[in-house]
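I opened a new model today and kept notes as I went. The entries follow the order in which I looked things up.

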Amino acid sequence: VRKTLDLANACIDALNDLHGTPTRACVAGPAAAPARVAEVLKYIYKCSQQYVDAASTDSRGVPDMETSWTYETVSKVLGTSLNADLLSIPEEGGTFDVARFLSPQLADYLEGGPEALSDPLVAAAAASHIRSCQMATAAEYAATVARLCRARMAVLSAQKSQFPLGLFAIPKSSGLLRLIVDGRPGNMFFLDLPIEFTCGDAFCAIIVDEGYTLVASKVDLADYFHTILARPGVRGYFGLRPVRAELLASHGIEVDPDMIDADGFTHPQLATCPMGWKPAPALAQAGNESVLYGSAGDGSELARELPPVLSPTERLSSQRTPELGSGANLQCHAIIIDDLIKFKTVPNHVADAPASGALSADIAAVCQRYADVGARVRMEKVADYSASQVVAGYQLDTNVLRAPCAKFSDLWSRVQQLRRRGYAQPREVEGIVGTFTHLFLLHRL
């Protein structure tokens, strides 16, 4: 009993110390504690440290809302250093001036207007406590900036950014790298924007009558965020870390002497919508809506001069469900940032007929609208109407929505890996729970 009591007290002391409230002068417990106690303590420290890092307490002198750990710890697991040659960026960015099609209130964000900004003193105080994460060697960073300049995705300035943003990358399944901007310092200066989400619970509202088949099509915009132009007024919030002008010159970028400071550095600013900017998803989705809905939407005067290629009354999302028709008259769509998904029902014998090879007229009209405004369609990912289609991460297969085999296999593998290991890092648990939640939304009827 005494040994058990000593072991329990030592465990309690260890946990209390880890969370900032030690109960003994010596966390190791009684001096005569057996080797088993030390072994248990070592295991507790190992398993608990990740949670201490993720949720520090005021008693340890670190506020609970501290965010600096997020990228510095997690990005080194999920992210990777820049490799300029592998970055997935277009040959030319900023081709879609989405602010022309947005309502004035939303366009203000892409111009850095006062209606989009929070209190500058409060924002500056918050931003000063955040150091943006960058994962790159000096050589690769210079090569990356050179690529961005050639693609018109960055401009150069002699003015140093007060709160420079960092860059790192996330591997893509294709082997290329997705460029990510740690925009936390700049995000402090902008107000939040709501966004209309679409998840599995929305798709569950679709009821198909007997004798009919639900078919789906989808259109995916290529490099959408990279094609959205950030106007000069907002670029000061997208300043990057300085780079030597001579390094850029070695990559073929001749820097105007007026853009070089006294120390030989030039200061890049992003000229397109950064992945990592807080308002970016809402603005990108609103731009998509404005050009597709045209005169029927809530966009700018220019947008409302366009004939609609979609009707907003047929919009399906987790916030609204349209009047869904019956029989062969069911038709709706979902817009998820850069993706458009269209649904309709056809008689069973039509669904079984072979495809003609040409895009349906309504899908071709959507693709043409995107081309007209400067947004680019990823044609290899355009899928015409089919009874078997992956939509928003779900597999549609003859009137049944389920988890795609690849996603289920990946989820199974991750869960089994954790079972074998015996412990999990917080972000691993979040990822698994998020995947389960995504799938369970299909059953929220």
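Entry 1: The model is a predicted one. With that criterion I found an open sheet of 3 strands, ordered E1-E6-E5, with antiparallel pairing. E1 and E5 are the edge strands with a single partner strand each, so one side of each has no neighbour in the sheet. I then looked up what packs on this sheet: helix H6, residues 138–150, touches E1, E5 and E6. The direction of H6 makes about 110° with that of E1.

**Entry 2: the pairings of E6.** I went through the bridges next. Strand E1 (residues 154–157) pairs with E6 over 4 bridges in the antiparallel sense. Within E6, His267 is the residue opposite Ser157, and Pro268 is the residue opposite Leu156. On strand E5 (residues 243–244), I noted 2 bridges to E6, again in the antiparallel sense. Here Arg244 stands opposite Phe265 of E6. How many residues of E6 are buried? I got 5 of 6 for this strand, which spans residues 265–270 and is mostly covered.

**Entry 3: the four-stranded sheet.** I found an open sheet of 4 strands in the order E7-E8-E4-E9, with antiparallel pairing. Its edge strands are E7 and E9 (383–386), and each of these pairs on one side only. From one strand to the next, the twist averages 15°. Helix H12 packs on this sheet and touches E7 and E8. I noted about 145° between the direction of H12 and that of E7. Helix H14, residues 361–373, lies across E4, E8 and E9 and runs at about 15° to E4. For the pairing of strand E4 (residues 212–220) with strand E8 (residues 339–347), I recorded 9 bridges and an antiparallel run. One of the residue pairs I looked up there is Val219 with its bridge partner Leu340 in E8.

**Entry 4: Val346.** I stayed in strand E8 and picked Val346, which is placed there. Is Val346 buried or exposed? The cut-off for buried is under 20% relative accessible area. Val346 has 12%, so I logged Val346 as buried. Leaving out neighbours within four places in sequence, I listed its contacts as Tyr212, Thr213, Val215 and Ala351. I also took one C-alpha separation: Val346 and Ala387 are 41 residues apart along the chain, and their C-alpha atoms are separated by 9.6 Å.

**Entry 5: Ser300.** Where is Ser300 placed? I found Ser300 in the loop between helix H12 (280–293) and strand E7 (331–336). Its relative accessible area is 10%, so Ser300 counts as buried.

**Entry 6: H15 and H16.** Two packed helices are described by the angle between their axes and the distance between the axes. I looked up both for helix H15 (residues 405–421) and helix H16 (residues 426–440): the axes come within 11 Å and cross at roughly 145°. The crossing of H15 and H16 is left-handed. I then listed the residues that meet. H15 contributes Lys407, Leu411, Arg414, Val415, Leu418 and Arg421. H16 contributes Glu428, Gly431, Ile432, Thr435, Phe436, His438 and Leu439. By class, the contact of H15 with H16 has 6 nonpolar, 3 polar and 4 charged residues.

**Entry 7: totals for the chain.** I left the overall counts for last. The protein chain has 16 helices and 12 strands. What share of its 445 residues is buried? I have 43% written down for the buried residues. The accessible surface comes to about 22800 Å², with 56% of this belonging to carbon and sulfur atoms. I also looked at contacts between residues at least 6 apart in sequence: 75% of them join residues at least 24 apart.

Note on methods: Residues numbered from 1 in each chain as written. Predicted model: local features only at pLDDT ≥ 70, side-chain atom pairs only at ≥ 80, totals over all residues. Heavy atoms only, no water. Axes fitted to C-alpha atoms, helices over the stretch in contact; angles between N-to-C directions. Left-handed = near helix turned anticlockwise from the far one by under 90°. Contact = heavy atoms within 4.5 Å. Nonpolar A, V, L, I, M, F, W, Y, C, P; charged D, E, K, R; others polar. Buried < 20%, exposed > 50% of the residue type's maximum accessible area, 1.4 Å probe, protein only. Areas by Shrake-Rupley, 256 points an atom, 1.4 Å probe, with all protein chains shown as cover. Pairing = 2+ DSSP bridges.
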